[in-house]
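Subject: Structure handover

Hello,

Here is the structure we discussed. My notes on it follow below.

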Amino acid sequence: MDRNCDNPSRSIQKPPYNSINQSFITPLGKLYLRGPVSPDQFTDWRLSSGLNCFRPAASQHRALIELAAEPDGLLFTATLANTVISYASFQKPDFPWWEKRCFPELIELGGIETDPGWRKMGVIKALLNAIFKNPGFTYFDDFIIIAIHTIHSWDIRTSNIAPWAYRRLMIDIFSKYGFETWETDDPEIREHPCNILLARPGKNICRKMIKHFEGCCMGTI
Ligand SMILES: CC(C)(COP(=O)(O)OP(=O)(O)OC[C@H]1O[C@@H](n2cnc3c(N)ncnc32)[C@H](O)[C@@H]1OP(=O)(O)O)[C@@H](O)C(=O)NCCC(=O)NCCS
């Protein structure tokens, strides 16, 4: 279906808060998977102190509250009572290459993170399943999602995973949700051979828009 190309001027709105609202059982307790979460709801929660891969947890909490308040910012969480254990965040791309080439249907998966004490229990998988493999939540079918992976954004220091293995892990995690590696001339990605651009064209994205996206990737647009 070429819906997006047939109706290019339609406005894109956020899905209702907590369109996703499920639970997930882990050996450490029952988590609630929710999203997109409102900035107020997120402010009331505590961010687990181990969620400090991108910046210290307190600053990350503030940054994610701001992101959730942005017109295009979407935050999905796994919580234990009032504590956020894991999250996935989406926003308009803020890398210089993509800021210049942004179009309404382009969105970036900015980050996924699980508290180290809860890793390898299937938490991020459960959250990504709720976002991408959920017949009741089809919002991202209308978007091309990019995920920009650079060695600087990985938890190489504490995870003990070597860069090439980390790259493989990212490809493995994301490929289950329709993300594929895309060629790009983005200098930030070309800076290191481990860096990758992953992208997931939603199923309502037409061929013309994919062509446009290819041009953006290679800098011809
Ligand atoms: C990457 C990360 C989010 C995974 O979260 P998680 O909740 O532990 O992941 P899950 O337990 O749901 O595992 C998802 C899949 O990855 C695999 N996996 C997760 N961590 C792994 C590891 N250290 N080594 C090998 N495989 C691993 C799991 O086996 C699972 O594979 P499967 O689908 O085939 O069963 C977590 O390690 C993290 O927060 N890392 C730091 C932040 C980061 O690097 N984010 C990615 C860049 S934005």
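Two residues are taken to be in contact if their C-beta atoms, placed from the backbone, lie within 7 Å. On that basis the buried residues of α5 (123-132) pack against β1 (20-26), β2 (29-35), β4, β5 and β6. The residues concerned are Val123, Leu127, Leu128, Ala130, Ile131 and Phe132. Please keep in mind that the model is predicted.

Strands

Strand β5 (residues 83-91) has seven buried residues out of nine, so the rest of the structure largely encloses it. Its pairings are these:

- With strand β4 (residues 74-80), β5 runs antiparallel, and seven bridges join the two. Leu74 has Phe90 of β5 as its bridge partner.
- With strand β6 (residues 106-114), β5 pairs in the antiparallel sense over six bridges.
- With strand β3 (residues 46-47), the pairing of β5 is parallel and has two bridges. The bridge partner of Arg46 is Thr83 in β5.

β6 also pairs with β7, in the parallel sense and over three bridges. In that pairing Glu108 stands opposite Ile146 of β7. Six of the six residues of β7 are buried. Ile144, Ile146 and Ile148 point one way from the strand, while Ile145, Ala147 and His149 point the other way. In a regular strand, side chains alternate between the two faces of the sheet.

Helix α7

α7 has 13 residues and spans 18 Å from its first C-alpha to its last, close to the 18 Å expected at 1.5 Å a residue. Its buried residues are Arg167, Met170 and Phe174. Seen down the axis of α7, these buried residues fall within an arc of 60°, so they line one face of the helix. An α-helix has 3.6 residues a turn, so residues three or four places apart point the same way. The buried residues of α7 pack against β7 (144-149) and β9 (196-201). Trp164 and Asp172 are exposed and sit on the face turned away from the buried side of α7.

Ligand

The shell around the ligand has 20 residues, of which Thr114, Arg119, Ile124, Lys125 and Asp155 come nearest. By class, the shell divides into nine nonpolar, six polar and five charged residues. β6, α5 and α7 (163-175) each supply at least two residues of the shell. The most come from β6, which gives four.

Backbone points to check

Most residues other than glycine have a negative phi, and most peptide bonds are trans.

- The peptide bond between Gly35 and Pro36 is cis, with omega about -10°. Pro36 is in the loop between β2 and α2 (39-44).
- Ala81 has a positive phi of about 50° although it is not a glycine. It belongs to the hairpin of β4 and β5, which has two residues between the strands. Ala81 is exposed, with 10 other C-beta atoms within 10 Å.
- Asn160, also not a glycine, has a positive phi near 65°. Asn160 is in the loop between α6 (156-159) and α7. With 8 other C-beta atoms within 10 Å, Asn160 is exposed.

Regards

Key
Residues numbered from 1 in each chain as written. Predicted model: local features only at pLDDT ≥ 70, side-chain atom pairs only at ≥ 80, totals over all residues. Buried ≥ 20, exposed ≤ 12 C-beta atoms within 10 Å, placed from the backbone. Pairing = 2+ DSSP bridges. Near = placed C-beta within 6 Å. Nonpolar A, V, L, I, M, F, W, Y, C, P; charged D, E, K, R; others polar. Expected span 1.5 Å × (residues − 1). Arc of directions from axis to C-beta.
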